[in-house]
Amino acid sequence: MMMSPWDRWSSTSCCLCCHVRTGTIILGVWYMLINAVVLLILLTALSDPEQYHLASAELANDLDVMDDANMCIASAISLLMILICGMATYGAFKLRAAWLIPFFCYQIFDFALNTLVAVSIVVYPNTIQDYLQQLPDNFPYKEEVASLSNVCLVLIVLLFIGCILGFKAYLIACVWNCYRYVSGRGGSEILLYVTTNDTTVSHN
């Protein structure tokens with residue numbers, strides 16, 4: 001019997017041998033907590049700009065306005081992410097497959113962005129050295145890292161990004177398997193309901 005590629009990779013268990021539904025709930029709660037902390041920091045910075053303001057003589061007032069605008073945009077994105085993660089958690093808990101789709105789409109988008117970063121590093125390897133030069137002088141191990149060759153830096157960064165991409169791909173597979181499981185459960189319940197009604201009608 002031939003199996004499709006999706007069926008070959010599908011599984012009902014994920015990390016720590018827990019069910020994909022449980023793993024998706026944990027993942028959704030974890031993302032919600034991270035984005036809630038980020039949102040809290042951003043709102044605190046917006047409410048008290050003097051405490052978090054990066055003082056610099058080179059910055060003009062228009063750049064300060066842009067900085068506040070960027071923080072407002074980041075706050076809105078964090079709030080949206082909390083909503084999307086909450087939908088995924090609710091969908092996995094209540095067996096609502098459609099509620100998992102926004103979070104799954106976010107995962108695909110995030111994976112694509114990280115892949116583009118890896119491709120840009122391969123195409124433009126000098127960007128790593130440019131980024132290192134922009135770091136502050138008191139940044140830990142800046143001189144040691146900057147002394148490495150471009151090839152070595154590219155390999156280290158690509159290895160690091162490759163590990164991140166592999167982990168993100170695994171999380172995408174977990175959420176996708178949870179979606180398949182929830183969709184299958186929903187289809188089974190509908191089929192059971194229809195079969196039960198048909199049996200009742202035929203007996204009557």
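**Note on the predicted model**

1. A search of the whole structure finds zero disulfides, a disulfide being defined as a pair of cysteine sulfur atoms within 2.5 Å. Among the cysteines, Cys72 is partly exposed with a relative accessible area of 43%, whereas Cys163 is exposed at 52%; here buried stands for under 20% relative accessible area, exposed for over 50%, and partly exposed for what lies in between, with a 1.4 Å probe and protein chains only.

2. Residues are numbered from 1 along each chain as its sequence is written, and side-chain values use heavy atoms, with hydrogens and water left out.

3. The search of the whole structure finds one salt bridge, a term that requires a side-chain nitrogen of Lys or Arg within 4 Å of a carboxyl oxygen of Asp or Glu. Its partners are Lys168 and Asp110, whose closest N and O atoms are 2.5 Å apart. The pair links distant parts of the chain, since Lys168 belongs to helix 8 (residues 150-203) and Asp110 to helix 5 (residues 101-123), 58 residues apart. Asp110 counts as buried, at 17% relative accessibility. Helices in this note are DSSP runs of H or I with at least four residues, strands are runs of E with at least two, and both are numbered from the N terminus.

4. Helix 5 also holds Gln107, which counts as buried at 5% relative accessibility. Leaving aside residues up to four places away in sequence, Gln107 touches Leu27, Leu171, Ile172 and Val175, where contact means heavy atoms within 4.5 Å.

5. The structure holds six aromatic pairs; rings of Phe, Tyr and Trp (its six-membered ring) pair if their centres lie within 6.5 Å, and planes under 30 degrees apart count as stacked, over 60 as edge-to-face and the rest as tilted. One of them joins Tyr31 and Phe103, and this pair is edge-to-face because the ring centres are 5.4 Å apart and the planes stand at 85°. Tyr31 lies in helix 2 (residues 20-47) and Phe103 in helix 5, so the pair ties together parts that are 72 residues apart in sequence. Tyr31 is buried, with a relative accessible area of 15%, and Phe103 is buried as well, with a value of 0%. Another aromatic pair, Tyr90 with Trp99, is tilted, at 4.8 Å centre to centre and 55° between the planes; Tyr90 is partly exposed at 32%, and Trp99 is partly exposed at 35%. Tyr31, Phe103 and Tyr106 form one aromatic cluster.

6. Helix 6 (residues 126-134) has Ile128, Gln129 and Leu132 as its buried residues. These cover an arc of only 95° around the axis, which puts them on the same side of helix 6, the arc being that of the directions from the helix axis to the C-beta atoms. The face turned away from this buried side carries the exposed residues Tyr131, Gln133 and Gln134.

7. In the unreviewed UniProt entry, the annotation "transmembrane region" covers residues 25-46, 73-93, 100-125 and 145-167; UniProt positions follow the numbering used here, feature names are shortened, and annotations may be inferred rather than shown by experiment. In the model, residues 73-93 are 100% helix and 0% strand, with the end C-alpha atoms 30 Å apart. Residues 145-167 are 87% helix and 0% strand, with the end C-alpha atoms 25 Å apart.

Key. This is a predicted model: local features need pLDDT of at least 70, side-chain atom pairs count only at pLDDT 80 or more; totals for chains, interfaces and linings use all residues.
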